[in-house]
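Subject: Structure handover

Hi,

Here is the structure I said I would pass on to you.

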Amino acid sequence: MASLSQLVDNVVVNTFELTQPEIRIGRKADNDLRIDEISVSGYHAVIEAVPNAYLDGTVDYFITDRDSTNGTFVNEIRIDGRQRLNSQDMVRVGWNEFRFIDEDENALEKTAYILD
């Protein structure tokens with residue numbers, strides 16, 4: 001199972017399980033993961049769970065910025081378009097930091113993605 005752990009001063013303050021095929025992140029109430037904070041756009045980003053094309057039963061996770069004002073960052077690099085997430089990646093939404101954790105990720109999955 002994959003999750004996003006919200007960090008404040010490198011301490012986990014919240015953990016959000018990614019149980020749906022699509023998780024919408026933003027400030028507005030109809031988002032799946034609502035962050036009521038000024039640096040977060042109304043509809044900021046989306047995380048998608050997509051079956052891996054090479055490994056049956058394996059899921060890849062991708063994050064896409066939805067033209068937010070303050071950007072979405074993976075490992076402190078502002079993303080433009082769709083970005084694959086690997087376990088332990090740091091995700092920043094506006095000023096909010098998260099650690100992406102995928103307990104099911106393995107080395108073979110990363111290799112399959114490189115071969116794509």
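Predicted model: local features only at pLDDT ≥ 70, side-chain atom pairs only at ≥ 80, totals over all residues.

Five strands make up an open sheet, and their order is S4-S3-S5-S6-S9 with mixed pairing. At the edges sit S4 (33-34) and S9, each of which pairs on one side only. As a reminder, strands of a sheet pair through backbone hydrogen bonds, and they can do that parallel or antiparallel.

Going through the pairings I have details for:

- S3 (residues 22-26) and S5 (residues 45-51) are antiparallel, with four bridges between them. Ile 23 stands opposite Ile 47 of S5.
- S5 and S6 also run antiparallel, joined by seven bridges. Here Ala 49 has Tyr 61 in S6 as its bridge partner.
- S6 and S9 are antiparallel too, over four bridges. Phe 62 is found opposite Arg 84 in S9.

Is Arg 84 buried or exposed? Its relative accessibility is 6%, so it counts as buried, the cut-off for that being under 20%.

What does the Arg 84 side chain touch, then? Arg 84 forms a salt bridge with Asp 60, where the closest N and O atoms are 3.1 Å apart.

**Other salt bridges**

How many salt bridges are there? The count comes to five.

Glu 48 forms a salt bridge with Arg 82, and their closest N and O atoms are 3.4 Å apart. This one links strand S5, which holds Glu 48, to strand S9, which holds Arg 82, and the two residues are 34 apart in the chain. Glu 48 counts as partly exposed because its relative accessibility is 22%. Arg 82 falls in that class as well, at 48%.

Arg 92 forms a salt bridge with Glu 76, with 3.1 Å between the closest N and O atoms. Arg 92 belongs to strand S10, while Glu 76 is in the loop between S7 and strand S8 (77-78); they are 16 residues apart and the pair links distant parts of the chain. With a relative accessible area of 17%, Arg 92 is buried.

Which residues other than glycine have a positive phi?

- Asp 67 has a phi near 55°, a positive value in a residue that is not glycine. You will find Asp 67 in the loop between strand S6 (59-65) and strand S7 (72-74). Its relative accessibility of 76% is why Asp 67 counts as exposed.
- Gln 88 has a phi near 80°, again positive and again not in a glycine. Its place is the loop between strand S9 (82-85) and strand S10 (90-93). Gln 88 is at 46% relative accessibility, so it counts as partly exposed.

**A nonpolar patch on the surface**

Last item: Val 8, Val 11 and Val 13 form a nonpolar surface patch, and together they have about 230 Å² of accessible area. Of these, Val 8 is in strand S1 (residues 2-8). Val 8 has a relative accessible area of 43%, which means that it is partly exposed.

That's the lot from me.

Cheers

Methods. Residues numbered from 1 in each chain as written. Heavy atoms only, no water. Buried < 20%, exposed > 50% of the residue type's maximum accessible area, 1.4 Å probe, protein only. Patch = residues over 30% accessible without salt bridge, like charges linked within 9 Å, V, L, I, M, F, W, Y side chains within 5 Å. Areas by Shrake-Rupley, 256 points an atom, 1.4 Å probe, with all protein chains shown as cover. Salt bridge = Lys/Arg side-chain N within 4 Å of Asp/Glu carboxyl O. Pairing = 2+ DSSP bridges.
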